[in-house]
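Here is a short briefing on one protein model. Keep the structure open while reading.

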Amino acid sequence: FPAGTAGSLLISNTGTNGYVIADAARWTAVGAAAQVQVVASDAQTREGAADSARFSIVRASDEAGSAITVHYALTGSGVSRVNPTTGTATLAAGQTVATVSLQAIADNVAQGTEEVTLTLNSGAGYSLGPLSSASLKILDRPIDEWRHANFSPAELANPAVRADTAHIDDDGLTTVEEYALASDPHGFDGD
């Protein structure tokens, strides 16, 4: 309660063997909504990798008295392959963390590192804390990272150039061999 107003504090000693000594008290509004936040708890994954990236939606343990369903949206350059782009995470009574996992599927397209952002949306029974969005990265397969760094957008769009078996510089090495040798796919690597 505001300074200069009357109020009272009830300290219970239920479950103790005697006295309760309190040198501080935390004031919370009765019926106040739990504050939820999100962090990228595993902020990176790679296309085709067995492990997923993870967001953690969290609330304080002293605000975990009842179940809440938290709404979120996914945005960013990596969501073109995410379905659905909205969702919910439920924190049961007593639960302080809910996990949203993101598994990146290999698409054999060289597009470079992509980003996915999870943004918490307002909802009943909770309020948004200062960390209401978090981002993670989806890395290409290593060969696709190499392709993205070594080919122009026009070359990446042309299957005759980007294919594993392509010979674009007539040196006798296929694209996949150029990658394995860390060679320049545009420069002649022969004698």
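Two strands count as paired if DSSP finds at least two bridges between them. By that rule β4 and β5 pair, in the antiparallel sense, over 6 bridges. One of the residue pairs is Tyr72 with Gly87, its bridge partner in β5. The model is predicted.

**Five-stranded sheet**

- This open sheet has 5 strands in the order β2-β9-β7-β4-β5, and its pairing is mixed.
- The edge strands are β2 (44–46) and β5; each has a single partner strand, so one side of each is left without a neighbour in the sheet.
- Neighbouring strands here are turned by 30° against each other on average, direction ignored.
- β7 and β9 run antiparallel and are joined by 6 bridges.
- Within that pairing, Glu114 has Ile138 of β9 as its bridge partner.
- β4 also pairs with β7, again in the antiparallel sense, over 5 bridges.
- There, Thr75 has Thr117 of β7 as its bridge partner.
- As a general point, strands of a sheet pair through backbone hydrogen bonds, either parallel or antiparallel.

**Four-stranded sheet**

- A further open sheet has 4 strands in the order β6-β3-β1-β8, with mixed pairing.
- β6 and β8 (126–128) are at its edges; each has a single partner strand, so one side of each lacks a neighbour in the sheet.
- The twist from one strand to the next averages 35°.
- β1 and β8 pair in the parallel sense, over 3 bridges.
- Val36 has Leu128 as its bridge partner in β8.

**Nonpolar cores**

- The largest nonpolar core has 23 residues.
- Those that touch the most other members are Phe55, Ile57, Val70, Tyr72, Val116, Leu118 and Leu120.
- Seven elements are listed as giving two or more residues to this core: β1 (34–42), β3 (53–59), β4 (68–75), β5 (86–91), β6 (97–102), β7 (114–121) and β9 (133–139).
- β4 gives the largest share, 4 residues.
- Tyr72 has contacts with Ile57, Val100, Leu118 and Leu120, among others, leaving aside residues up to four places away in sequence.
- Tyr72 also touches a run of residues from Thr85 to Ala89, namely Thr85, Thr86, Gly87, Thr88 and Ala89.
- Thr119 and Asn121 are also among the contacts of Tyr72.
- A second, separate core has 5 residues, including Ala110, Trp146, Phe151 and Leu156.

**Helix α1**

- Helix α1 spans residues 142–150, and its buried residues are Ile143, Asp144, Trp146 and Arg147.
- Seen down the axis, these buried residues fall within an arc of 155°, so they line one face of the helix.
- In general, an α-helix has 3.6 residues a turn, so residues three or four places apart point the same way.
- The cover over the buried residues of α1 includes α2 (153–157), α3 (159–162) and α4 (175–180).

**Salt bridges**

- The structure holds 6 salt bridges.
- Glu145 and Arg46 form one of them, with 3.1 Å from N to O.
- This pair links distant parts of the chain: Glu145 sits in helix α1 and Arg46 in strand β2, 99 residues apart.
- Glu145 is partly exposed, at 31% relative accessibility.
- Arg46 is partly exposed as well, with a relative accessible area of 26%.
- Asp144 and Arg141 meet in another salt bridge, at 3.1 Å from N to O.
- Asp144 counts as buried because its relative accessible area is 1%, and buried means under 20%.
- Arg141 is partly exposed, at 24% relative accessibility.
- Arg147 also forms a salt bridge with Asp144, and their closest N and O atoms are 3.0 Å apart.
- Both residues of that pair, Arg147 and Asp144, lie in helix α1, 3 residues apart, about one turn of the helix.
- Arg147 and Asp144 are both buried.
- Through shared partners, salt bridges join Arg141, Asp144, Arg147 and Asp164 into one network.

Terms used:
Residues are numbered from 1 along each chain as its sequence is written. This is a predicted model: local features need pLDDT of at least 70, side-chain atom pairs count only at pLDDT 80 or more; totals for chains, interfaces and linings use all residues. Side-chain values use heavy atoms; hydrogens and water are left out. A nonpolar core is a set of buried Ala, Val, Leu, Ile, Met, Phe, Trp, Tyr and Cys residues joined through side-chain atoms within 4.5 Å. Buried means under 20% relative accessible area, exposed over 50%, partly exposed in between (1.4 Å probe, protein chains only). Contact means heavy atoms within 4.5 Å. Axes are lines fitted to C-alpha atoms, for helices over the stretch in contact, and angles run from 0 to 180 degrees between N-to-C directions. The arc is that of the directions from the helix axis to the C-beta atoms. A salt bridge is a side-chain nitrogen of Lys or Arg within 4 Å of a carboxyl oxygen of Asp or Glu.
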